[in-house]
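Here are my notes on the two-chain model you sent over. Have a look at the picture, then go through the points in order.

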Amino acid sequence: MFYVATISILISFILVLVRLFLGPTLYDRVLALNAFGTLAVLMISVVGFLFGRPDFLDIALLYALLNFIGTIAILKFFRYKEIGDKKALSRKKAQ
Amino acid sequence: MSLLIEICSWIFILLGSFLLLTGSLGLMRLPDFWSRLHGASISDTGGVLFLILGMMLHVTTIWVFFKLLAIAIFIFISSPTASHAIANAAFVTLGYKKKKGERK
């Protein structure tokens, strides 16, 4: 039955990738990237169960952490044009 | 008993796959950014919940169960936060444009 889940996740990958290449604004692309990361976490877990090696769940957990940090970092970069704390930025401007 | 667990697992995994496909189709086909956000949230919450519940019925050792639980809890905390951050950034920079014929 994990074959069904794998095939549906693969079709979802294709649909999300179409939105990622087609999206009119930046935020559509960031949204599609976030959905792609969540689908990748599910794909790693399902493939681990499909091949009888549930050790893959460690990699899935790590990927979930990285996905969240990546989304927040991209959004922060496009909002402030810099990834760093605000105090250092204002100090640099004052000098 | 084993047959009951098998049937429950089938139902959960089929429901999760259906929700994933629905959410991704909504993310691709819906006309507006704000409605696409709704489509992405469906597959982020419903699809993940039911697929992980279906996988939890198949575990053999207890550690695998706890790893699945950790993944589910983390995705349930982080995914709505990421959706909120994306919506907030889009609202601050793009703003919301009213369409013709929309009330207020």
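1. Let's start with the overall shape of chain B. Chain B has a radius of gyration of 18 Å, whereas a compact globule of 104 residues would come in near 13 Å. (That radius is taken over C-alpha atoms, and the globule rule is 2.2 Å times the number of residues to the power 0.38.) The C-alpha atoms of chain B fill a box of roughly 60 × 25 × 20 Å along the principal axes.

2. A word on what you're looking at. This is a predicted model, where local features need pLDDT of at least 70 and side-chain atom pairs count only at pLDDT 80 or more, while totals for chains, interfaces and linings use all residues. Residues are numbered from 1 along each chain as its sequence is written, and chains are lettered from A and ligands numbered from 1 in the order in which they are written.

3. How far to trust it? The average pLDDT of chain B (the predictor's confidence in each residue, from 0 to 100) is 88, and 93% of the residues score at least 70. For the model, ipTM is 0.87 and pTM is 0.86.

4. Now the secondary structure, with helices (H or I, at least four residues) and strands (E, at least two) taken as DSSP runs numbered from the N terminus. Chain B has three helices and zero strands, running α-α-α from the N terminus. Chain A has four helices and zero strands, in the order α-α-α-α.

5. On burial: 33% of the 104 residues of chain B count as buried, and buried residues make up 33% of the 95 residues in chain A. (Buried takes 20 or more other C-beta atoms within 10 Å of the residue's own, exposed is 12 or fewer, and partly exposed lies in between, with C-beta atoms placed from the backbone.)

6. Contact here takes C-beta atoms, placed from the backbone, within 7 Å.

7. Then the interface: 37 residues of chain B and 35 residues of chain A take part. On the chain B side, helix 1 (2-29), helix 2 (33-56) and helix 3 (62-93) each supply at least two residues, with the largest share, 14 residues, from helix 3. That side of chain B has 26 nonpolar, eight polar and three charged residues. (Ala, Val, Leu, Ile, Met, Phe, Trp, Tyr, Cys and Pro count as nonpolar, Asp, Glu, Lys and Arg as charged, and the others, Gly among them, as polar.)

8. One pair across the interface deserves a look. Helix 1 (residues 2-22) of chain A packs on helix 1 of chain B at about 10°, with the axes 8 Å apart, which makes the two roughly parallel. Among the residues in this contact are A:Ile9, A:Leu15 and A:Arg19 from chain A, and B:Leu14, B:Leu21 and B:Met28 from chain B.

Definitions and conventions
Contact = placed C-beta atoms within 7 Å. Axes fitted to C-alpha atoms, helices over the stretch in contact; angles between N-to-C directions. Parallel < 35°, antiparallel > 145°, perpendicular 65-115°, else oblique.
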